[in-house]
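Welcome! Let us take a walk through this structure together, one part at a time.

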Amino acid sequence: MNDTNYQATIVNPVLLPLNKGLGDFQQPLGTAAVKALGWNLLREEVSLPSAVLYEERLQHNLEWMQQFVSEYGVKLAPHGKTTMAPALFARQLAGGAWGITLATAHQTRVAYAHGVRRVIMANQLVGKQNMSIISDLLTDPSFEFCCLVDSAAGVALLGEFFKARNQTLHVLLELGVDGGRTGVRNVEQQIAVLKAIADWKDHIVLAGVELYEGVLKEEADIRLFLQRAVTCLKGLAEQGQFAARAALRPVILTGAGSAWYDVVAEEFSKADIGMPLDVILRPGCYLTHDVGVYRASQEQIQTRNPVARKMRSSLLPALQLWAYVQSIPEPTKAIIALGKRDAAFDAGLPLPAKRYRPGTEAPVPTPTQWQLTGMMDQHAYMQIAEGDDIKVGDMIAFDISHPCLTFDKWRQIAIVNPEFDVIDVVHTFF
């Protein structure tokens with residue numbers, strides 16, 4: 001293999017079988033070019049292991065969540081850290097999302113470079129280089145950005161930096177709870193933050209209130225936290241704290257990870273502050289969903305939430321990992337060419353879902369006794385029963401739990417249709 005072809009395999013390692021003309025693929029391929037290749041997963045034209053997205057399920061999930069938030073009259077800013085895939089950001093925005101949520105200055109720059117012009121950075125903005133990244137983006141008047149503040153010290157650092165740049169930064173007051181992560185815990189801390197914002201009023205603008213309810217586990221506690229946010233927002237509005245923001249754009253009230261978004265919608269949709277208000281939910285994992293922690297959360301939502309029940313459908317897992325059986329060294333053990341470098345394992349090991357033997361008609365469900373018992377970097381141990389129909393070279397599809405930590409292991413992910421034709425490629429930018 002010459003140097004040119006070697007570089008091509010680095011650019012697009014997932015979808016380049018060695019029997020193709022590698023030199024033709026120096027740049028990422030567009031949708032039309034991917035379709036023109038005519039590749040099919042089951043014909044072994046995709047190098048495994050590989051993460052795979054299912055087009056119909058992606059579209060279903062996108063439409064389901066947009067309908068859900070619309071029922072409550074609230075807006076959606078999906079958390080982009082889940083996928084860090086600008087092509088998926090674009091689909092979410094085209095489907096009606098208000099903007100994209102991100103967690104870092106780097107992620108924000110990636111999103112901006114791919115056309116995203118409205119961002120909530122659901123995190124504190126700390127550090128000169130990180131501030132500089134956002135400052136550069138704010139030179140574009142079409143770019144809307146908010147980050148979080150929870151301390152007078154943090155506000156002062158932002159104020160000093162953006163004053164030196166002669167710029168204005170919009171910030172959200174972050175509320176927190178004892179034992180949680182960031183966010184003001186009490187009235188005294190809140191007053192200190194508001195005073196600091198007033199001290200830097202020409203360069204720091206209070207845009208609204210933010211929280212992350214996922215640090216709590218009980219619904220009753222979460223509702224109290226959300227109600228605290230609504231009360232806080234109303235109080236700040238009555239004090240005139242949002243005058244500078246309201247003169248430019250609606251005030252923001254935002255929360256909701258992927259587990260309690262229905263409760264947030266119920267509580268936040270009640271907010272009324274007598275001025276334009278955007279209530280914004282930020283779930284990220286809904287687009288691909290999973291069969292683990294978020295399936296369990298969604299089942300609870302389907303039970304407790306009347307809007308979800310009325311919709312008569314639910315989110316569907318749209319991400320799987322495909323890998324080969326590479327060894328059956330013992331009658332009750334198969335070794336799969338899949339490991340920690342390929343799949344999340346923090347919220348449970350991948351679950352065998354389907355088996356496909358190349359040359360047969362279609363994938364079939366895996367026996368219930370097939371379970372992963374451990375993973376190494378590039379290998380997984382799968383428990384089987386003696387006499388099971390399994391061979392070296394079989395392809396196994398695995399469901400996953402916690403899509404965030406699977407996406408960040410892949411630079412390219414194939415999108416397939418129901419016939420397993422590769423119809424597009426999603427590129428990630430972690």
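Two residues are said to be in contact here when they have heavy atoms within 4.5 Å of each other. Please keep in mind as well that this is a predicted model.

If we set aside its neighbours within four places in sequence, threonine 288 is in contact with Leu53, Leu58, Asn61, Leu316, Pro317, Ala318, Leu319, Pro403 and Phe407.

Next comes the sheet. Eight strands form an open sheet with parallel pairing, in the order S2-S9-S8-S7-S6-S5-S4-S3. Strand S2 (75–76) and strand S3 (100–102) are its edge strands, each pairing on one side only. Within the sheet, strand S7 (residues 204–210) and strand S8 (residues 251–255) run parallel and are joined by three bridges. Here you can find glutamate 210 standing opposite threonine 254 in S8.

Now turn to helix H9 (residues 219–238). Its 20 residues, at 1.5 Å a residue, should span 28 Å, and the end C-alpha atoms are 29 Å apart, so the two values agree. Just after H9, glycine 240 takes a positive phi of about 80°.

Finally, let us look at the open spaces. Rolling a probe the size of a water molecule over the atoms shows where empty space is left. The largest pocket holds about 530 Å³ of space. It is lined by 28 residues, and those closest to its centre are His79, Lys81, Arg181, Tyr212 and Gly257. Sorted by class, this lining has 12 nonpolar, nine polar and seven charged residues.

The second largest pocket has about 290 Å³ of space. Of its 13 lining residues, Tyr54, Arg57, Gln320, Lys354 and Phe420 are the closest to its centre. Which element gives the most to this lining? Helix H3 (55–72) does, with three residues, while H3 and strand S10 (319–330) each supply at least two. By class, the lining of the second largest pocket has six nonpolar, two polar and five charged residues.

Notes
Residues are numbered from 1 along each chain as its sequence is written. This is a predicted model: local features need pLDDT of at least 70, side-chain atom pairs count only at pLDDT 80 or more; totals for chains, interfaces and linings use all residues. Side-chain values use heavy atoms; hydrogens and water are left out. Two strands pair if DSSP finds at least two bridges between them. Helices (H or I, at least four residues) and strands (E, at least two) are DSSP runs, numbered from the N terminus. On a 1 Å grid over the protein atoms alone, a cavity is a set of points where a 1.4 Å probe fits but cannot get out, and a pocket is an open set with protein on both sides within 12 Å along at least five of seven lines; lining residues have an atom within 4 Å of a point. Grid points are joined across faces, edges and corners, and a volume is the space filled by probe spheres set on the points. Ala, Val, Leu, Ile, Met, Phe, Trp, Tyr, Cys and Pro count as nonpolar, Asp, Glu, Lys and Arg as charged, and the others, Gly among them, as polar. The expected span of a helix is 1.5 Å times one less than its number of residues.
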